[in-house]
Amino acid sequence: MCPMANFYDLKHYIAHYINKGRCLVSEKGKITTFSERVYDRRGNYSEQFNHFIDRLLESGEFFHLYVEGDGYAFSDLIHSRFDLEYCVRCREPIPVPTNGALGPPACYLCPEFEPQQEAQVS
Ligand SMILES: [Zn+2]
């Protein structure tokens, strides 16, 4: 198992949501915010964002965090295989575990997630 293989995707996913104004939440409910620029002018991660992630990794806190609203802790994502796919509803990147995923991927991050609205079309 190579945790780092997932890390680049994971960072991409975190950057995307932080850039959209979400914060990170720990398992104990502690909120971590990042209010500086996520990307630099060329679209790379900013130095501040790289430092932010590095600091979380060094403290060990990183693995207990979630993107606000999502159902996967970063430790789940980094220790199991997942693909970043795009939600068909909100078109945001969402992590989808590669094993045991049946049916459409669950998206916890849709602004209006209402599964019961899927009407049968005949
Ligand atoms: Zn969605």
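This is a short talk on the fold of one predicted protein chain.

Two ground rules before we start. Residues are numbered from 1 along each chain, in the order the sequence is written. The model is predicted, so local features need pLDDT of at least 70, side-chain atom pairs count only at pLDDT 80 or more, and totals for chains, interfaces and linings use all residues.

Let's begin with the parts list. The protein chain has three helices and five strands. Here, helices (H or I, at least four residues) and strands (E, at least two) are DSSP runs, numbered from the N terminus. Along the sequence, the pattern reads α-β-β-α-β-α-β-β.

Which order do its three strands take? The order is β2-β1-β3, the sheet is open, and the pairing is antiparallel. Two strands pair if DSSP finds at least two bridges between them. β2 and β3 stand at the edges with a single partner strand each, so one side of each has no neighbour in the sheet. β1 and β2 pair over two bridges, in the antiparallel sense. L24 has its bridge partner in β2, and that partner is T32.

Between β1 (24–26) and β2 (31–32) there is a loop, and K30 sits in that loop. Is K30 buried or exposed? K30 is exposed, because 11 other C-beta atoms lie within 10 Å. The cut-offs are these: buried means 20 or more other C-beta atoms within 10 Å of the residue's own, exposed means 12 or fewer, and partly exposed is in between, with C-beta atoms placed from the backbone. K30 and L65 are 35 residues apart along the chain, yet their C-alpha atoms are separated by 8.9 Å.

Next, the other strand pair. β4 (residues 82–86) and β5 (residues 93–97) pair in the antiparallel sense over five bridges. Look across the pair. L84 stands opposite P95 in β5. F82 stands opposite P97 in β5. β4 and β5 form a hairpin, with six residues between them. R91 lies in the loop between these strands. R91 has a positive phi of about 60 degrees although it is not a glycine. R91 counts as exposed because it has 10 C-beta neighbours inside 10 Å.

On to the helices. Helix α2 (residues 47–59) has 13 residues. From first C-alpha to last, α2 reaches 18 Å, close to the 18 Å expected at 1.5 Å a residue. That expected span is 1.5 Å times one less than the number of residues. Just after α2 comes G60, with a positive phi of about 80 degrees.

Now the inside. How much of the chain is buried? Of its 122 residues, 17% count as buried. The largest nonpolar core has 13 residues. A nonpolar core is a set of buried Ala, Val, Leu, Ile, Met, Phe, Trp, Tyr and Cys residues joined through C-beta atoms within 7 Å. L10, I14, L65, Y66, F74 and L77 touch the most other members. Two or more residues come from each of α1 (3–19), β3 (65–67) and α3 (74–79). α1 gives the most, with four residues. Why might such residues gather? In soluble globular proteins, nonpolar side chains tend to be buried together.

Leaving aside neighbours within four places in sequence, L77 is in contact with N6, L10, Y72, F82 and P95. Contact means that the C-beta atoms of two residues, placed from the backbone, lie within 7 Å. I78 is also in helix α3. I78 is partly exposed, because 19 other C-beta atoms lie within 10 Å. I78 and L10 are 68 residues apart along the chain, and their C-alpha atoms are separated by 7.4 Å.

One more loop. E68 is found between β3 and α3. With 16 other C-beta atoms within 10 Å, E68 is partly exposed. Not counting residues up to four places away in sequence, E68 touches R22, C23, L24 and V25. E68 and Y108 are 40 residues apart in sequence and 9.7 Å apart in space, C-alpha to C-alpha.

Take the contacts in the protein chain with a separation of 6 or more: residues 24 or more positions apart account for 39% of them. That's my tour.
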